[in-house]
Amino acid sequence: MATELTQLGAQAYPAEGTSLAVFVFAHGAGAGQHHPFMAGVSRGLAARGIDVVTFDFPYKRLQKSTPDRPPVLEQSFREAAAAARKWSKADRLFIGGKSMGGRIATHLAAQGLESLSGVVCFGYPLHPPGKPEQLRIAHLPSITVPVLVIQGERDGFGTPAELRPHLQAMKAEVQLHVIPRGDHSLGVRGKTPAETQSELAEIAAAFIAP
């Protein structure tokens with residue numbers, strides 16, 4: 001693993017075979033990079049020819065429960081993306097994450113992260129649960145790269161129906177993939193976590209490296 005990734009405490013999942021792209025994958029607010037969801041989806045993407053790098057935001061590295069302010073999260077994400085570029089031989093960079101991690105990825109895209117090919121959000125947190133008036137959409141129109149949002153049908157942070165008009169208002173090419181009966185964690189009753197993670201990896205891989 002590249003020195004930069006080691007210094008950041010990042011985890012690399014090398015692609016099987018020739019790497020088609022590199023995906024920097026950020027965790028959600030409550031769980032770090034080694035959560036089974038993060039590891040399972042990362043392995044699934046690597047099996048489909050995509051280099052994956054996960055990392056912990058500063059508050060998680062310090063074992064704190066409250067997320068850092070957005071500028072701190074954004075800078076941490078930038079550092080992970082820069083290290084991932086040096087480590088991977090792939091030409092195309094994608095960023096994304098679970099919930100909060102995906103939201104911060106969209107911040108970087110809106111800010112014009114250099115040589116970015118696209119963004120993948122696993123459960124975009126449109127608003128806090130029960131507070132639909134507190135929308136997190138102001139930056140979305142500034143995004144110019146393609147975006148994939150994978151949203152659970154029953155997501156308490158924003159259903160696909162709530163999210164769709166805001167995505168349609170964006171200038172960028174946006175795909176919304178709905179997980180029937182899925183919640184914010186994208187889990188579906190009757191499916192094992194492994195089945196869910198494999199399905200999500202398949203959906204994301206089709207966007208990243210079609």
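Visitor: How much space lies in the largest pocket?

Guide: The model before us is predicted. In this model, the space in the largest pocket comes to about 580 Å³.

Visitor: Which residues lie nearest the centre of the largest pocket?

Guide: The lining of the largest pocket is made up of 31 residues. Helix 2 (36–46), helix 4 (70–87), helix 5 (100–110) and helix 7 (193–208) each give two or more residues to this lining. The residues that lie nearest the centre are Gly-28, Ala-29, Gly-30, Ser-99 and Met-100.

Visitor: How many residues of the lining are charged?

Guide: The lining of the largest pocket includes 15 nonpolar residues and ten polar ones. The charged residues of this lining number six.

Visitor: Ser-99 lies in a loop; is Ser-99 buried or exposed?

Guide: The loop that holds Ser-99 runs between strand 4 (93–98) and helix 5. Ser-99 has a positive phi of about 50°, although it is not a glycine. Residues under 20% relative accessible area count as buried. Ser-99 has a relative accessibility of 11%, and therefore counts as buried.

Visitor: Where does Arg-181 lie?

Guide: Arg-181 is not a glycine, yet its phi is positive, at about 65°. With a relative accessible area of 45%, Arg-181 is partly exposed. Its place is the loop between strand 7 (174–179) and helix 7.

Visitor: Which residue meets Glu-4 in a salt bridge?

Guide: The structure holds three salt bridges. The one formed by Glu-4 has an N to O distance of 3.6 Å, and its partner is Lys-86. This pair links distant parts of the chain, from helix 1 (residues 3–8) to helix 4, with the two residues 82 residues apart.

Visitor: How many residues apart are Glu-202 and Arg-48?

Guide: The side chains of Glu-202 and Arg-48 meet in a salt bridge of 2.6 Å, N to O. Glu-202 is partly exposed at 44% relative accessibility, and Arg-48 is partly exposed at 27%. Glu-202 belongs to helix 7, while Arg-48 lies in the loop between helix 2 and strand 3 (50–55), and the separation is 154 residues.

Visitor: What is the N to O distance in the salt bridge of Glu-199 and Lys-191?

Guide: Glu-199 is partly exposed, with a relative accessibility of 28%. Lys-191 is also partly exposed, at 37%. Their side chains meet in a salt bridge with an N to O distance of 2.6 Å.

Visitor: How many residues are in the second, separate core?

Guide: Members of the second core include Phe-37, Met-38, Val-188 and Leu-200. This core is separate, and its size is 28 residues.

Visitor: With which residues is Ile-95 in contact, leaving aside neighbours within four places in sequence?

Guide: Ile-95 is among the residues that touch the most other members of the largest nonpolar core. Beyond its sequence neighbours within four places, Ile-95 is in contact with Phe-23, Val-24, Phe-77, Ala-105, Leu-108, Leu-113, Leu-116, Gly-118, Val-119 and Val-120.

Key. Residues are numbered from 1 along each chain as its sequence is written. This is a predicted model: local features need pLDDT of at least 70, side-chain atom pairs count only at pLDDT 80 or more; totals for chains, interfaces and linings use all residues. Side-chain values use heavy atoms; hydrogens and water are left out. On a 1 Å grid over the protein atoms alone, a cavity is a set of points where a 1.4 Å probe fits but cannot get out, and a pocket is an open set with protein on both sides within 12 Å along at least five of seven lines; lining residues have an atom within 4 Å of a point. Grid points are joined across faces, edges and corners, and a volume is the space filled by probe spheres set on the points. Helices (H or I, at least four residues) and strands (E, at least two) are DSSP runs, numbered from the N terminus. Ala, Val, Leu, Ile, Met, Phe, Trp, Tyr, Cys and Pro count as nonpolar, Asp, Glu, Lys and Arg as charged, and the others, Gly among them, as polar. A salt bridge is a side-chain nitrogen of Lys or Arg within 4 Å of a carboxyl oxygen of Asp or Glu. Buried means under 20% relative accessible area, exposed over 50%, partly exposed in between (1.4 Å probe, protein chains only). A nonpolar core is a set of buried Ala, Val, Leu, Ile, Met, Phe, Trp, Tyr and Cys residues joined through side-chain atoms within 4.5 Å. Contact means heavy atoms within 4.5 Å.
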